[in-house]
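I opened a structure that was new to me and kept notes as I went. Here it is.

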Amino acid sequence: MHCLNLKAVIDFNALLLMGRVRSRVKVYNWQVNRIVACSTPGSGSGSGPVQDPSQSSYLSRTETYALLKQQLEVAAKSEDYKEAARLRDSLRLFEEEEPALRLQRLLKEAIAQERFEDAAAYRDELKEIAPYTLLKCSSDATTLGIRVQVRSVYIAGRSQPSKGIYFFAYRIRITNLSERPVQLLRRHWIITDANERTETVQGIGVIGEQPVILPNTGFEYSSACPLSTSTGRMEGDYEMKHIDKVGTRSFNVAIAPFALSTFGDDVSAV
């Protein structure tokens, strides 16, 4: 796997709404946004375990769901509103009947109503049929005063479900909550698809830079990555060092795991 710096400023909200990259300058104490596209070889670096029938069925359903979402976007953009309405209704019916989405709703309701035994049962069912739905499409971790927040989203307009290409974008915010300036030296990513094929990405800095982050400020950038399955997960760490003293040793800052999912966190977010 390798990363290609597209040297473009990205508006993440436009990706959410339109599925395409649009340029925009964003100024609010964060540094410049750019996009890094990660190309993933189809074969992967490892051979995943044999899937059980329930997991294969889940992957097939998520592929169907992704295809319906893409067809709806195409119909809307081409102003074929009759077809768009039909596809919208098909998506709603799918969401009502999809077991993983139904269990997600039931799990949230059980937790909200403090029916914890029911919640545990729903969680166990989800573990069996759709383990990736238990991992949120966002993560938040703080290491030695350095906070890393990530949010991922599926981009239907740049995906090709019929060819096994699913495109995900994610925004990263790094906030220095400590009293010492730090510099980001290296990145390390672990990207795993639904077949448990894992790719590792390591490199100098991010988006071609090794940013210095002063106390009480932050650095923000957006990246994107294609995946060969409709669900997966990412996690990793940044190597950083304090730069206010000569000879300080570097340290690792955790990037907590987050999901890449065509479903999103729940139906309302899709």
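Predicted model: local features only at pLDDT ≥ 70, side-chain atom pairs only at ≥ 80, totals over all residues.

Residues are numbered from 1 along each chain as its sequence is written, and side-chain values use heavy atoms, with hydrogens and water left out.

**Overall.** I found five helices and eleven strands (DSSP runs numbered from the N terminus: H or I of at least four residues, E of at least two). The protein has 270 residues, and 44% are buried (under 20% relative accessible area, 1.4 Å probe, protein chains only). I then looked at contacts (heavy atoms within 4.5 Å). Of those between residues at least 6 apart in sequence, 71% join residues at least 24 apart.

**Helix pair.** I looked up α4 (residues 99-112) and α5 (residues 116-129), whose axes lie 8 Å apart at an angle of about 155°. The two are therefore roughly antiparallel (over 145 degrees). Among the α4 residues in the contact are Leu103, Leu107 and Ile111; α5 brings residues including Phe116, Tyr122 and Leu126. I sorted the contact residues into twelve nonpolar, one polar and three charged (nonpolar is Ala, Val, Leu, Ile, Met, Phe, Trp, Tyr, Cys and Pro; charged is Asp, Glu, Lys and Arg; polar is the others, Gly among them).

**Cysteines.** How many disulfides does the structure hold? I found zero (a disulfide needs two cysteine sulfur atoms within 2.5 Å). Cys137 is buried at 3% relative accessibility. Cys225 is buried too, at 1%.

Methods: Axes fitted to C-alpha atoms, helices over the stretch in contact; angles between N-to-C directions. Parallel < 35°, antiparallel > 145°, perpendicular 65-115°, else oblique. Buried < 20%, exposed > 50% of the residue type's maximum accessible area, 1.4 Å probe, protein only.
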